[in-house]
Amino acid sequence: MTAALETQALGKRYGSQWALRDCTLEIPRGSVTALVGPNGAGKTTLLRMAVGLTSPSEGSVRVLGLDPEADAGDALPRVGFLAQEHPLFGGFTVAEMLRVGRELNPGWDDDAARARIAELGLPLKKKVRSLSGGQRAQVALTLALAKRPDVLLLDEPVASLDPLARREFLQSVLEAVAERGLTVVLSSHILAELERVCDHLVILAVGRTQLVGSIDEIVSSHRLLTGPRDAAEDVARLHEVVRESHADRQTTLLVHANGHVYDSRWTVHELDLEEIVLAYLGQDAARRREEAVA
Amino acid sequence: MIWLSWRQQRIETLITALLLVILAGAFIPAGIHAADLFAQQHVARCANRQSQACGFAVGNYILSTGVLRGLLDSGWFNLIPGLIGVALATPILQDLENGTVRLAWTQSITRRRWIATKLGFAVGTAVLAGALFSVLFTWYEVPFDRIFGHWDKFDFEWFVPVAYTLFALGLALAVGVVIRRSAPALVVAYGIYVAGRVFVESWLRQRLITPLSVTFGSRSAGPNLNNAWVITQYPSNKAGHPFVGTPGVFQECAQTGSKGFKGLSQACMERHGAGFTHAVYQPASRFWEFQGIEFALFAGVGLLLIAFAAWRVLRAD
């Protein structure tokens, strides 16, 4: 079976600036993936290319095996997309927004859409403009879900929401995943709020993919080692060192381990996901500082 | 998609309809009145004829038809086709500006179809509105055209109003996709529309086909220029060169008899490089040719601009 989302050396340049570069990843069907990276890492660009809003400058992107631009007619009905600012037609009522969904999507599930709106207690006759941010996000999500997509792409879906609305929104996404078994990719610059709902992780940094995998794998393959400074090179030969810090005699290494670490000179600690992600993002920040100096 | 296009363009369509209804409300009664008076006052006999009696009859007729035609003469109504065209571009530009295109383009329809439907709707409405505008004034002008010819209200009649609305629509769309903000885009586009119209009307139009010119003796009746578009007319010598002397020549050439002033001596006037009239004009028979050229010009540029906007939107990231 083809992957839900697959990119090959994907890159996008605006003028002389690369928004995303050399991005290769594969997101399996049925997964819920967090796309994490600092602001400007190219998360939005990646998701927009996946739904055909933006053309790649190099490399390729496939959604369910289809080219989002060339095969737009086949790909679009199967991909749901929610842009960061939850765009809706401000002057339309909620009922009219549902009609938009019905008119523009052959696979539209009107009963489900109406049921969802009723469940959320949103008045059909109210103008979208007068809804709260959380309510608008829910209407936008309803539109994306009632289209009955196989893949749902959410760009910073909860960034603009208050904590309660965040919880409700993510709960809605989880329910849809449970009901329909769809693939979800959500981007965020904060991991904490996504960890609860995701089983896969992609870290984007300096516009490049840094890490792709299931969260279980990622957690089990990263270790924190403390040991003598002169042994650090031996470790680097076998494992990928993500971050290192040196004290007088002791060195601390955060490694992406290639199997077990069998060296008795090192003390091995387990890490939680947040520490791992921070290490990657810290590495990214250091690299950016170097680039800025250079 | 058709429902969505209509729903998003509803306000602009209603504004357009309202404008046309106001115009029709003013000009239909006035037009009926003008046609009735035309028959009652037997103005038809003066069509294409120059005489003092007819001068009075026509003057009287124009006065009795009311003030509306004077308003039309002032040229302000030329702004309306532009207003309609620019207004009809707003829904698309606002969609692009507010980012709501990203909502439309991530439903199940392709971007190509979205553009085709939205533009088709705007162009269709603009053409219809331009056509209604033209029908209203072409009908209203029927009696006046019998006196003055078609040239008189060239901008309001037949094909060109449709081209003007398309031109304004194309301008607003093209400027809008380039500067990406709808309010300034509409203002800039409207400014260009007015400038373009003024340029064509005051400079380009008369040069589209080399005008005819004629020189005739002041005493002869001369050619009938009643239904022609007279671009310029001035006193001249026999060769058609403008008269450059002083008004003193009139005193010198005046012939007086027992009853006072009898007229000017033609021989004397000719000696002083006068005595003729030179006219540069486009004959009535060229009206349709000019309508065709100007329609092609404005509609062509308008459609090119619309195509440019579509291409930009299709490629937009």
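In this predicted model, the C-alpha centres of domain 1 and domain 2 of chain B sit 45 Å apart. The domain assignment builds domain 1 of chain B from three stretches, 2–16, 76–207 and 286–315. Domain 2 of chain B covers 212–282. Where the two touch, 5 residues of domain 1 of chain B meet 6 residues of domain 2 of chain B.

Now take chain B as a whole. Its secondary structure amounts to 12 helices and 5 strands. The globule rule gives 20 Å for 317 residues, but the radius of gyration of chain B is 26 Å, well over that value, so chain B is more spread out than a compact globule. The spans of its C-alpha trace along the principal axes are about 95 × 45 × 30 Å. Of the 317 residues in chain B, 34% are buried. Contacts in chain B can also be sorted by sequence separation. Among those between residues at least 6 apart in sequence, 78% join residues at least 24 apart.

Chain A also has two assigned domains. Domain 1 of chain A runs over 5–205, and domain 2 of chain A over 217–293. Their C-alpha centres are 34 Å apart. The contact draws 8 residues from domain 1 of chain A and 7 residues from domain 2 of chain A. Which elements each supply at least two residues of the domain 1 side in chain A? They are α7 (192–195) and β8 (200–205) of chain A. The largest share of that side comes from β8(A), with 3 residues. By class, the domain 1 side of this contact in chain A has 7 nonpolar residues, no polar ones and 1 charged residue.

The last contact joins the two chains. Here 22 residues of chain A meet 16 residues of chain B. On the chain B side, two or more residues come from each of α1 (2–40) and α5 (101–104) of chain B. The element that gives the most to this side is α1(B), with 3 residues. By class, the chain B side that touches chain A divides into 6 nonpolar, 7 polar and 3 charged residues.

Definitions and conventions: Residues numbered from 1 in each chain as written. Chains lettered and ligands numbered in written order. Predicted model: local features only at pLDDT ≥ 70, side-chain atom pairs only at ≥ 80, totals over all residues. Domains from an automatic or database assignment. Helix = DSSP H or I, 4+ residues; strand = E, 2+ residues; numbered from the N terminus. Nonpolar A, V, L, I, M, F, W, Y, C, P; charged D, E, K, R; others polar. Rg over C-alpha atoms; globule rule 2.2 N^0.38 Å. Buried ≥ 20, exposed ≤ 12 C-beta atoms within 10 Å, placed from the backbone.
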